[in-house]
Amino acid sequence: MLQILLGLFFVLASALPKFWGDPFAVAIFDGIGLGQWLRYVVAFLELAGGIGLCIPRLAAPAAAGLVLLMIGAALTQAFVLHGGVLVVTPLVLGALAAVIAVTRRNETLATHR
């Protein structure tokens, strides 16, 4: 249940607004200062990760990728955007993804035997 909800969150609440050019998302990536191309890259990675969470044999690697993405998001919030409490959101999402990555890793390993 957790992985489906987290997958839907990454697709619907995180990736799609970035693709659509939500003003808040655009402003965040303006603040990062690397250009809007990064918004599309992050949106694609979130979309792929969110879909991957909904496919049992891809859930562990998708979750692991989202953990890495959320570490990058937390570091960016903390040191580039000086986001203060906004750092908590990617940390919580990353922790949830880490739980999924660990609990589903045996399913992924079993498909490679």
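Reader: Quick one. What are patches made of?

Author: Patches take residues with over 30% relative accessible area and no salt bridge, joining like charges within 9 Å and nonpolar side chains (Val, Leu, Ile, Met, Phe, Trp, Tyr) within 5 Å. A salt bridge puts a side-chain nitrogen of Lys or Arg within 4 Å of a carboxyl oxygen of Asp or Glu.

Reader: Which residues form the nonpolar patch on the surface?

Author: Phe-19, Trp-20, Leu-34, Trp-37, Tyr-40, Val-41, Phe-44 and Leu-45. Together they have about 880 Å² of accessible area (Shrake-Rupley, 1.4 Å probe, only the protein chains shown counting as cover). This is a predicted model, where local features need pLDDT of at least 70 and side-chain atom pairs pLDDT 80 or more, while totals for chains, interfaces and linings use all residues. Numbering runs from 1 along each chain as its sequence is written, and side-chain values use heavy atoms, without hydrogens or water.

Reader: Which helix gives the most to the patch?

Author: H3, with five residues. Helix H1 (2-20) and helix H3 (37-53) each supply at least two. Helices are DSSP runs (H or I, at least four residues), numbered from the N terminus.

Reader: And Tyr-40, where is its place?

Author: In helix H3. Tyr-40 is partly exposed, at 38% relative accessible area. Buried is under 20%, exposed over 50%, partly exposed in between.

Reader: Switching to charges. How many salt bridges does the structure hold?

Author: One. Glu-46 and Lys-18 meet there through their side chains, 3.1 Å from N to O. Glu-46 sits in helix H3 and Lys-18 in helix H1, so the pair ties together parts 28 residues apart in sequence.

Reader: Are Glu-46 and Lys-18 buried or exposed?

Author: Both are buried.

Reader: What about Arg-39, where is it?

Author: Arg-39 is in helix H3 as well. Arg-39 is buried yet has no salt bridge.

Reader: Which side chain of opposite charge is nearest to Arg-39?

Author: Asp-30, 7.5 Å away. Lys and Arg count as positive, Asp and Glu as negative; His and chain ends are not counted.

Reader: OK, which residues does Arg-39 touch?

Author: Leaving out residues up to four places away in sequence, Arg-39 touches Lys-18, Phe-19, Gly-21, Ala-25, Val-26 and Phe-29. Contact means heavy atoms within 4.5 Å.

Reader: Last topic. Where is Val-88 found?

Author: Val-88 is in helix H5, residues 88-111. Val-88 counts as partly exposed, at 44% relative accessibility.

Reader: How many residues apart in sequence are Val-88 and Phe-10?

Author: 78, and they are 16 Å apart in space, C-alpha to C-alpha.

Definitions and conventions
Buried < 20%, exposed > 50% of the residue type's maximum accessible area, 1.4 Å probe, protein only.
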